[in-house]
There are 2 protein chains.
Amino acid sequence: MRPVDATERILDAAEREFAAHGFHGASLRSVTRAAGVNVASIHYHFGSKEALLRATLERIVRPVNEERLRQLDEVLALEQVPSVESILTAFIRPDLELIAGLGDRGAIMARFSGRSYTEPEEVVSRIITDLFSEVGARFLAALALAVPDVSEDELRWRLRCVVAIITYLLAAQGTARALFDPCDIESASARFVAFAAAGLRAPASIPRPANRL
Amino acid sequence: MRPVDATERILDAAEREFAAHGFHGASLRSVTRAAGVNVASIHYHFGSKEALLRATLERIVRPVNEERLRQLDEVLALEQVPSVESILTAFIRPDLELIAGLGDRGAIMARFSGRSYTEPEEVVSRIITDLFSEVGARFLAALALAVPDVSEDELRWRLRCVVAIITYLLAAQGTARALFDPCDIESASARFVAFAAAGLRAPASIPRPANRL
DNA sequence: AGGTGTTTGAAACACTTGTTTGACATGGCG
DNA sequence: CGCCATGTCAAACAAGTGTTTCAAACACCT
């Protein structure tokens, strides 16, 4: 079952360790021990701990983001003015499908990617920003079509709230306080979309002036 | 300006270091260096790194949560059926006020507490769960009054989404991608409330069965 | 078989980690 | 003054960190 290829085995183990303990908390030796390889092989195959993290992250996030864009294209092809619900569904389903399709490893990957968003270390946030810039821009543009009444600035702000929710959803997965049953992605998706769509569609906020009569 | 008391100086420095690098990423020596004290003094005053984290966390979170409950009581006293907006405002304002009132340190504390929510390490999540159990229960009960049409189970789920948003808001503060201007808590609060209130009030999700005809 | 480039292995590198120790200074009190 | 608790300090502790080295093993090709 486990891949014979050492590179792949290292990535599998790194995924687990980074998910469980974060970038600093995970040690290369715990990774190599779990992967059944020598410590040196990490530097041989990847170059450094940071490079290993990037590789681990990319292996998870890239296909998910590609699937996101694919589903978004599908929505845009079907609806000339896309609904918020369709856009949000295209945004979250690739994550949920990943989790559902991979069993235990799905939970690990969810935690890992959710966690990576909130890593304080520059290293991680730089990688994440890289990986998500295109997806962010495309979905923001789609949302601007779907919710024309809200300024793009506030929409961008709201999109980040949506990302925050997904991050949290993923990060909690595989812990004692998981937010959804990985087998039931329909209701997880429905709950998410119901909440987030209403939030995105809300009338633009009107900050009351600091002192109002 | 800086407190002369060593305990306080250590807590100040720990706050900064934990916020910037997380629990594992921050080293005791970087804390003591910043605080201008000896390494041993951390163990003298607190006992261990973990105990230092707990103390740092409690010093921030406790007063904020007390203020949350105070503002919630105020809302409940004024409105017999509280509005979602009022509840949400009571929930987020103590955070924003903290940030606004404390300048740089506010941003640090925001990042620190936001970050702590997503620490993978058991250590941190245990402390957080402790500190938030009462607030969570009280606000959930209030929301159940305000949104009677949504089941308490789904409401609990949505409340966690709200917490996710706040966490993210706080964690991004003090970084290059801060989500709001600390001086303008009015519009930050308005944006948050507009988004979250709409989400909370959304009609209950109706997960269609996995296979529907 | 011999030679080539690619992977592995054990060991060491220099350094940092959290924690402990014991000597030293300080300050209040009888 | 001596006494004792309270802090502080440099130094050391053992263990663990990411990274490097270099020889041995391997796989593959002519």
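Tutor: Let's start with a crossing: α1(A) and α6(A) cross in a left-handed way, meaning that the near helix is turned anticlockwise from the far one by less than a right angle (clockwise would be right-handed). Before going on, a word on what you're looking at: this is a predicted model, where local features need pLDDT of at least 70, side-chain atom pairs count only at pLDDT 80 or more, and totals for chains, interfaces and linings use all residues. Residues are numbered from 1 along each chain as its sequence is written, while chains are lettered from A and ligands numbered from 1 in the order in which they are written.

Back to the pair. Helix α1 of chain A covers residues 6–25 and helix α6 of chain A covers residues 104–117; helices here are DSSP runs (H or I, at least four residues), numbered from the N terminus. They pack at an angle of about 55 degrees, with their axes 8 Å apart. Axes are lines fitted to C-alpha atoms over the stretch in contact, and angles run from 0 to 180 degrees between N-to-C directions. That makes α1(A) oblique to α6(A), the label for whatever is left after under 35 degrees (roughly parallel), over 145 (roughly antiparallel) and 65 to 115 (roughly perpendicular).

Who does the touching? From α1(A) come E15(A), R16(A), F18(A), A19(A) and G22(A), and from α6(A) come I108(A), M109(A), R111(A), F112(A) and R115(A). Contact here is C-beta atoms, placed from the backbone, within 7 Å. By type, this contact of α1(A) with α6(A) has five nonpolar, one polar and four charged residues, where Ala, Val, Leu, Ile, Met, Phe, Trp, Tyr, Cys and Pro are nonpolar, Asp, Glu, Lys and Arg charged, and the others, Gly among them, polar.

Now zoom out to the two chains. The contact takes 37 residues from chain B and 38 from chain A. On chain B's side, α1 (6–25), α8 (152–172) and α9 (185–201) each supply at least two residues.

Methods. Two residues are in contact if their C-beta atoms, placed from the backbone, lie within 7 Å.
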